[in-house]
Amino acid sequence: MNHFRLWALFASLACTMNGTALAAGDKAAILQRGAHVATEVCNACHSLKYLKYSDFLKLGFTKQQVDVMRGDRNMGDPLIAQMAPGDALAAFGIVPPDLSLMAKAREGGVGYIDSMITGFYTAANGNTDNHVFPGIKMPDILGISQADPTSRKALLVKAEDVSTFLGWAADPMAESRENLGYAVMAYVFVLTVLLYLLKRKIWKRLE
Amino acid sequence: MKKMIAWIDARFPLTHFIKHELTDYPTPRNLSYWWGFGFLAGFVLVIQLVTGIFLAMHYKADSNLAFDSVQHIMRDVNYGWLIRYLHSTGASAFFAVIYIHMARTLYYGSYRRPRELLWWTGQGLLLLMMATAFMGYLLPWGQMSYWGATVITNLFSATPIIGDQIVIWLRGGFAVDDPTLTRFFSMHYLFPFLISAAAVIHLIALHTVRSSNPSGLNLSDKDNIPFHPYFTIKDLFGLGVFMLVYFGIVFFDPELVIDVTNNIPANPMQTPADIVPEWYFLPFYAILRAVPDLIGGVVAMALSVLIFAALPYLDRSRISGGAIYRPVYRTMFYVFIVDIFVLGYVGAHPPESVLKVVGEVATAIYFSTFLLLPFLSRWEEGYLLKRGLPVEVMEMTQKEIEEAR
C-alpha cells in the first residue's frame with residue numbers, strides 16, 4: 001500500500017497552511033520545464049507511452065511549442081522512446097522502463113525518482129554507482145556525479161522539475177479529481193448534517 | 001394511481017411486500033449504528049455492480065491489452081478515473097463494511113440460535129466476495145495481480161492426488177496467462193450476480209428471524225418500531241458518514257488501496273521482492289504462512305475462514321445477550337480482534353525471525369479462541385448464574401435452559 005501518498009497529502013496540507021505551498025504559476029512553470037527535460041533527455045531512452053503530444057497543451061504549452069517538441073511525430077502520437085528498444089537492450093542490457101506511470105509504480109513516487117536520478121556518485125574504484133539503486137544500468141544522465149557545487153545546484157532543480165513532471169504524467173487527472181472532490185465532500189457533508197437533523201426529528205416522535 | 005396499484009395487487013403482492021418487508025417491518029428500537037453496516041454492504045454492492053458494468057465497457061480482457069486499457073480508462077474515458085477509483089476503493093470499502101458487520105455479529109452473539117442460517121448465508125456471501133475480489137484483482141494485469149494469482153492458484157496443488165491438474169484447470173494452462181485472465185474476467189462478471197442472489201437469501205433469513213439487538217434479549221412487541229421511517233433515516237445518516245470516508249479516499253488518496261507494484265505491468269519473468277495480497281486477505285495470508293508445510297498452511301487458512309460457521313455450536317453459553325453480560329466472552333472478543341490486527345501486520349511483512357514467531361503465536365491464539373469457546377462459555381455460564389444476573393437476563397436464560405432440556 002502506498003502510505004507515502006497519504007503523507008504527501010498531509011504535507012501538502014501543512015504547506016498550504018504555512019503559506020509555503022507553491023503558487024499556481026510556479027507549479028505550471030516547473031511542469032513546463034520538467035516537460036522539456038523529459039522530452040529532450042529522458043525520452044531519448046525511455047518511452048512515456050501513456051502521454052500523447054497533445055497532452056502537453058494541458059500544461060499551457062502553445063501549439064507551436066508542442067510542434068517543436070514533437071518534431072516529425074503527430075499530435076496524437078504517444079511518446080515512444082527515441083531509441084529503439086532493441087538498441088537500448090544492446091546498449092544497456094535492459095529496455096529502459098516506461099516513465100509515464102513511474103511515479104505511481106515505485107514506493108516513494110516523485111521523491112523516489114528525484115533521489116534516484118540525483119543519487120549517482122563516483123565510487124572508490126572510479127565507477128559510477130547510485131545510492132538509491134545500486135548497480136543501476138542507467139547512466140548518470142544529468143552528470144550529477146561529475147558536477148561541481150555550482151552546477152550541482154542547477155542539476156538538482158532540473159531533477160526536481162522532471163520528477164514533478166513525471167508525477168503529473170502518472171496522474172494527469174489529479175487536479176480535476178481534487179477539485180471535484182471538494183465539491184462532492186461539501187455536498188455530502190451538508191447532506192449528512194441535514195440527514196442527522198431529520199433523524200433526530202423523526203426519532204423524537206417515539207418519546 | 002390507486003386503481004393501478006389495486007390492479008397490480010390483485011396480481012402481485014406489491015403493497016403487501018412493501019408493508020411487510022419495509023414500511024411496517026418491526027425492528028428493535030434499540031439498534032445502534034453498528035446495525036447499519038448490513039445496509040451499507042448492500043449499498044457498496046450496488047456501487048460495485050454499476051461501476052463494474054461501466055468499467056467492462058472499456059476494459060480489454062487480453063493479457064496484451066489489459067494493463068493499457070486500464071490506463072485508457074484512467075486518462076481517455078470521460079470520468080473513467082472516477083469509475084475506476086470508485087470500483088477499486090469500493091472493493092476495500094466492501095470488505096471493511098463486511099468485517100465490521102461480522103465483528104458486530106460476534107460481539108452481540110447475533111449468530112446464536114435462532115440465527116444460525118442467517119449467519120451461514122452470511123458466510124457464503126463472504127466466500128463469494130473473497131472469490132470475486134481475488135479474481136477482480138487479476139484484471140488490471142499488474143505485477144501484484146499476476147503474482148498474487150500465481151501464488152493463490154498454486155495453493156490448490158495441495159489437493160491430494162489431483163492437485164496439479166486442478167491448478168492447470170483453474171489457470172487454463174501451466175502458468176497464469178491469457179486464458180486465466182479471460183476466465184477470471186468472465187467469473188468476476190458473473191459472481192456479483194450470485195452475491196446479489198445470496199444477499200436476497202440472507203435478507204429472507206433475516207426477515208424470518210428478525211434483527212438481533214444490543215441487549216441480546218428477545219424484545220416484546222412494544223419495543224419494536226416500524227423500519228420506515230425510523231431506520232431508513234438512521235441508515236441514510238450512516239450512509240452519509242460512510243460516503244464522507246469513502247469519497248475522501250476516492251478523491252484525495254485513491255492509490256492508498258492500490259499497491260505500487262501493481263502499477264508495473266505483469267512480468268512473468270520477474271518475481272516482485274515480496275508478494276503481498278490486498279489488506280483484506282492479510283490475516284488469512286499470515287495464517288497460511290505460519291504453518292510450515294503447504295498442505296497444512298492451506299488447510300489452516302481454509303479453516304480460519306470456515307470455522308466461523310461452527311460458532312453457533314462452539315458457543316455453548318445460554319446466557320442471553322451478547323458480550324454485554326458476559327465478561328469472559330467479551331475479553332475473548334477483544335483478544336480476537338487484536339489478534340486479527342496482529343496477523344494482518346504479520347501478513348504484510350516478510351516472515352523473518354521475530355515476525356515469524358509472532359505470526360505463529362497469533363495463529364495459535366486465533367484458533368484457540370474458537371477451540372476454547374465451548375469450555376469457557378459453559379464455565380462462564382455457571383459462574384454468572386451463581387453470581388446472579390439482571391432479572392430479565394436471568395429469566396430469559398432460565399427459559400433457554402429449560403427449552404434445551
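**Reading the interface of chain A and chain B**

Across the interface of chain A and chain B, the rule finds 3 salt bridges. This is a predicted model, where local features need pLDDT of at least 70, side-chain atom pairs count only at pLDDT 80 or more, and totals for chains, interfaces and linings use all residues. Residues are numbered from 1 along each chain as its sequence is written, and side-chain values use heavy atoms, with hydrogens and water left out.

User: Which side chains meet in a salt bridge with N to O at 3.6 Å?

Analyst: A salt bridge is a side-chain nitrogen of Lys or Arg within 4 Å of a carboxyl oxygen of Asp or Glu. Here B:D68 and A:K49 form one, at 3.6 Å, N to O.

User: How many residues of chain A are in contact with chain B?

Analyst: Contact means heavy atoms within 4.5 Å. By that rule, 37 residues of chain A touch 40 residues of chain B.

User: What is the area buried between chain A and chain B?

Analyst: The size of an interface is often given as the accessible area lost when the parts come together. Buried area is that loss (1.4 Å probe), summed over both parts. For chain A and chain B the value is about 3700 Å², with carbon and sulfur atoms giving 70%.

User: Is B:V245 buried or exposed?

Analyst: Buried means under 20% relative accessible area, exposed over 50%, and partly exposed in between (1.4 Å probe, protein chains only). B:V245 is exposed because its relative accessible area is 54%. In chain A, buried residues make up 36% of the 207 residues.

Terms used: Chains lettered and ligands numbered in written order. Buried area = accessible area lost by both parts, 1.4 Å probe.
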